Amino acid sequence: MAIRTILTKGDPVLNKKCHPVTKFDEKLAALLDDLKETLTKANGAGLAAPQVGILRRAVIVVNDNGDMIELVNPEILSQEGEQNGLEGCLSLPGYWGYVTRPERVRVKAQDRTGSWFEVDGEGMTARCFCHELDHLDGHLYSELAGQLYTAEELEQMEQDREDSK
Ligand code: NI
């Protein structure tokens, strides 16, 4: 296993559409292991293969229980409801923005051996599924968020809300 370098906004790789995974081999297993290790080190909620420069449809999502789910060739089967909340990305360090996402999603994906499975996500997990799947089509959340904020700006906004009470 190895920690890989996370690409940041401005790198053209992040805007490319990823290819489906067709080989469920040791190379894929190594990529998934590296994504997990890199994600753990970065203390994030999800990581997609293009963020480490690999244009393949593979992502890791951390669910509500803190478990890391490996999704290969994932697709959203259905979605329900709506939520608006703060989102960040390891490829845009130091910034957050408000994005509207479905409240619940059902995703179909393959595991590292190629077996298909379905998984449901709600709240933050649903948000994370959508965010990571967008990476596979070359999209960053900043395209959906109106404005991006720094931690200081968010703190100031929180303070202003408190003061106006
Ligand atoms: Ni991201």
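Predicted model: local features only at pLDDT ≥ 70, side-chain atom pairs only at ≥ 80, totals over all residues.

Student: Okay, which protein donors does the nickel ion have?

Tutor: C89 through SG, plus H131 and H135, each through NE2, at 2.1 to 2.3 Å from the nickel ion. Donors here are N, O and S atoms within 2.8 Å of the metal (3.2 Å for Na, K and Ca), and water is not among the atoms, so sites may look incomplete.

Student: What spacing do the donors follow along the chain?

Tutor: C-x41-H-x3-H. H131 and H135 sit four residues apart in helix α2 (residues 124–136), which is about one turn of the helix. Helices (H or I, at least four residues) and strands (E, at least two) are DSSP runs, numbered from the N terminus.

Student: Are H131 and H135 buried or exposed?

Tutor: Both are buried. The cut-offs are under 20% relative accessible area for buried, over 50% for exposed and partly exposed in between, using a 1.4 Å probe and protein chains only.

Student: New topic: how many salt bridges are there?

Tutor: The structure holds 14. A salt bridge means a side-chain nitrogen of Lys or Arg within 4 Å of a carboxyl oxygen of Asp or Glu. One of them pairs E70 with K36, with the closest N and O atoms 2.7 Å apart.

Student: Why does the pair of E70 and K36 tie together parts that are 34 residues apart in sequence?

Tutor: Because E70 is in strand β3 (residues 68–80) while K36 is in helix α1 (residues 26–42). E70 is buried at 12% relative accessible area, and K36 is partly exposed at 24%.

Student: And what do the side chains of E87 and R127 do?

Tutor: They meet in a salt bridge, 2.5 Å from N to O. This pair links distant parts of the chain too, with E87 in strand β4 (residues 83–87) and R127 in helix α2, 40 residues apart. E87 and R127 are both buried.

Student: Which residue does E162 form a salt bridge with?

Tutor: K165, with the closest N and O atoms 3.4 Å apart. E162 is partly exposed at 40% relative accessible area, and K165 counts as exposed at 77%. Elsewhere, salt bridges that share partners join D33, K36, E70 and R112 into one network.

Student: Where is Q51, and what does its side chain contact?

Tutor: Q51 is in the loop between β1 (46–48) and β2 (58–62), and counts as buried at 1% relative accessibility. Its side chain makes a polar contact with the side chain of S91 at 2.9 Å. A polar contact is a pair of N or O atoms within 3.5 Å; within protein, one must be able to donate a hydrogen and the other to accept it, and residues adjacent in sequence count only if both atoms are side-chain atoms.

Conventions:
Residues numbered from 1 in each chain as written. Heavy atoms only, no water.
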